[in-house]
Amino acid sequence: MKGSKKFTRLPLFVMVAIVALFASLEYARSETIIAKAESSVQYNTTNEIESGDFGGVVFDYRAVFAAYYADAKERYEVDGSEFIEFETFCDNYYLSGMDIFNYTESYFDNPISFYSSSGSSASSDANYILSKNKYDCTPASEFDRKPLYTQYLYSSLQNGDLICETDTIMDIGHTAVVTDINHDSDYGKYCQTIEAVAGGVQYGFLDDDRVVSFGVIVYRARGFSQNKHSQLLEFLEKQLGKNYSLDIFRQNKSIDSTKWYCSELAWAAFNYVGIDIGQLNGTPLGGSGNSGGCLPITIEMSDNTYRVNIQGMQYLRISIVSKSGTTWSIKITNNNYFAIDNAKYNERMCFEDDAKRLNIRHEKNIPTTIPRFSSVTVSIKEYLFATCVVCYWEDVSSGITYITYGKELNKNTKSMDVKYVYLE
């Protein structure tokens, strides 16, 4: 599907052999990586929201697409024109040969050269790979291209998160570890990784274009805390410059190893801090029924990993259309990549504390399903000294209610201060 967007890390005959091996392994009884993504990405389940996390959709490449698509659709339809469907937008990106920013801008006949082409290639691997060299501030010469951050929120990432590519050559998968979510460079802050690729163990980065190009989903190790990060980093940095090896049968975890493959390196690093991200169904990696090495799919299906959530993507958006007398016309927009069929709003203004807690008395159902990337307009009346408009919906699978409210409405500028909160 993604032809020009994929980068070959291994000879074809090696990849064919791996695919054949995967089919014979016990892992075949599990869901595939993509099937797992399809089955659980739309809504969270309660056990995916752990202490310290907040409500939101899982960090999934389709949510990145949704952010760019929603922005483009809103801009494109200002004059009444109709924008293309979401799936078409995604499919055309993979055929374009462009980065996601310039691809989006191409719909407006003003593509912008966002990436730098002057940087020297640090590796024959994918263009998000840097080199084995460590810098306090990474120079532009290390980058094949400028990291791209324009539409998406990475604030929920933590050092030690696991980057899992689900769409690679033959869907074999690839794993990397986030080592510094705010590393300095000549291009500004970027999300730095360490990973084993064909050129050896090297630094890399995560950005919008990598997420959509390789179908990235982010996982976190259960029991991992930031006070373990220095120990994890100690292990990973000691591996920089070591060779790549595709011995997927071994369970190598020695800090003195001379070679690694991608998911093996991640497993060994977490093993170093006391977490087995290869454990399946209660069986540690190497136990009966869980033999062989740690593959990318092992980490994704592990008992000891869970999906990372991002903030802001499931909340409804609100904006002012107009005001007539004491009635405000408010547009409620669903910029998610799924429909919402149980949205409500308060048909009279309320106070901010009541909006946060949904302590409201004049709630009303939005009578129709709000399709993805679509809007409905409702009327909200002023009420005494109250100043807030509010809408919300409940994710019944997790029991989380996503609340959007606006205050300080200005009919002249059609602006308001919008806040997002959630209740469990």
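These legends describe close-up views of one predicted model.

Local features need pLDDT of at least 70 and side-chain atom pairs count only at pLDDT 80 or more, while totals for chains, interfaces and linings use all residues. Residues are numbered from 1 along each chain as its sequence is written, and side-chain values use heavy atoms, with hydrogens and water left out.

**Figure 1**
Helices (H or I, at least four residues) and strands (E, at least two) are DSSP runs, numbered from the N terminus. The chain has 424 residues, and 53% of them are buried. Buried means under 20% relative accessible area, exposed means over 50%, and partly exposed lies in between (1.4 Å probe, protein chains only). The accessible surface comes to about 18,000 Å². Carbon and sulfur atoms account for 49% of that surface. Areas come from the Shrake-Rupley method with a 1.4 Å probe, and for residues only the protein chains shown count as cover. Take the contacts between residues at least 6 apart in sequence: 66% of them join residues at least 24 apart. A contact means heavy atoms within 4.5 Å.

**Figure 2. Helix α3 packs against helix α4.**
Two packed helices are described by the angle between their axes and the distance between the axes. Here α3 (residues 61-76) and α4 (residues 86-96) pack at about 105°, and their axes are 11 Å apart. Axes are lines fitted to C-alpha atoms, for helices over the stretch in contact, and angles run from 0 to 180 degrees between N-to-C directions. The two helices are therefore roughly perpendicular to each other. The classes are under 35 degrees for roughly parallel, over 145 for roughly antiparallel, 65 to 115 for roughly perpendicular, and oblique for the rest. From α3, the contact involves Arg-62, Phe-65, Ala-66, Tyr-68 and Tyr-69. From α4, Phe-86, Phe-89, Cys-90, Tyr-93 and Tyr-94 meet them. The residues of this contact divide into nine nonpolar, no polar and one charged. Ala, Val, Leu, Ile, Met, Phe, Trp, Tyr, Cys and Pro count as nonpolar, Asp, Glu, Lys and Arg as charged, and the others, Gly among them, as polar.

**Figure 3. Helix α8 and the residues that follow.**
Helix α8 spans residues 262-272. Nine of its eleven residues are buried, so α8 is largely enclosed by the rest of the structure. Among the buried residues are Cys-262, Glu-264, Trp-267 and Phe-270. Val-273 lies in the loop between α8 and α9. Val-273 counts as buried, at 8% relative accessibility. Beyond its neighbours within four places in sequence, Val-273 contacts Phe-224, Lys-228, Gln-231 and Leu-232. Val-273 and Gln-231 are 42 residues apart along the chain, yet 6.6 Å separates their C-alpha atoms. Gly-274 follows α8 and has a positive phi, near 90°.

**Figure 4. Ser-302 reaches two backbone oxygens.**
Ser-302 sits in the loop between α9 (296-301) and β9 (305-307). Ser-302 is buried, at 5% relative accessible area. Its side chain reaches the backbone oxygen of Ile-277 at 3.2 Å. The side chain of Ser-302 also reaches the backbone oxygen of Gln-279, at 3.0 Å. With neighbours within four places set aside, Ser-302 is in contact with Asp-276, Ile-277, Gly-278, Gln-279 and Leu-280.

**Figure 5. Thr-401 in strand β16, with Glu-394 and Leu-358 among its contacts.**
Strand β16 covers residues 400-410. Thr-401 is buried, with a relative accessible area of 12%. Residues up to four places away are not counted here: Thr-401 touches Leu-358, Tyr-392, Trp-393, Glu-394, Val-421, Tyr-422 and Leu-423. Glu-394 belongs to strand β15 (residues 389-395). Glu-394 is partly exposed, at 36% relative accessibility. Glu-394 and Ile-340 lie 54 residues apart in sequence and 9.1 Å apart in space, C-alpha to C-alpha. Leu-358 lies in the loop between α10 (352-357) and β13 (363-365). Leu-358 is partly exposed, at 22% relative accessible area. Its phi is positive, about 55°, although Leu-358 is not a glycine.

**Figure 6. Lys-414, a residue other than glycine with a positive phi.**
Phi of Lys-414 is near 55°. Lys-414 is placed in the loop between β16 and β17 (415-423). Lys-414 counts as partly exposed, at 49% relative accessibility.

Technical notes
Polar contact = N/O pair within 3.5 Å; in protein donor to acceptor, adjacent residues only side chain to side chain.
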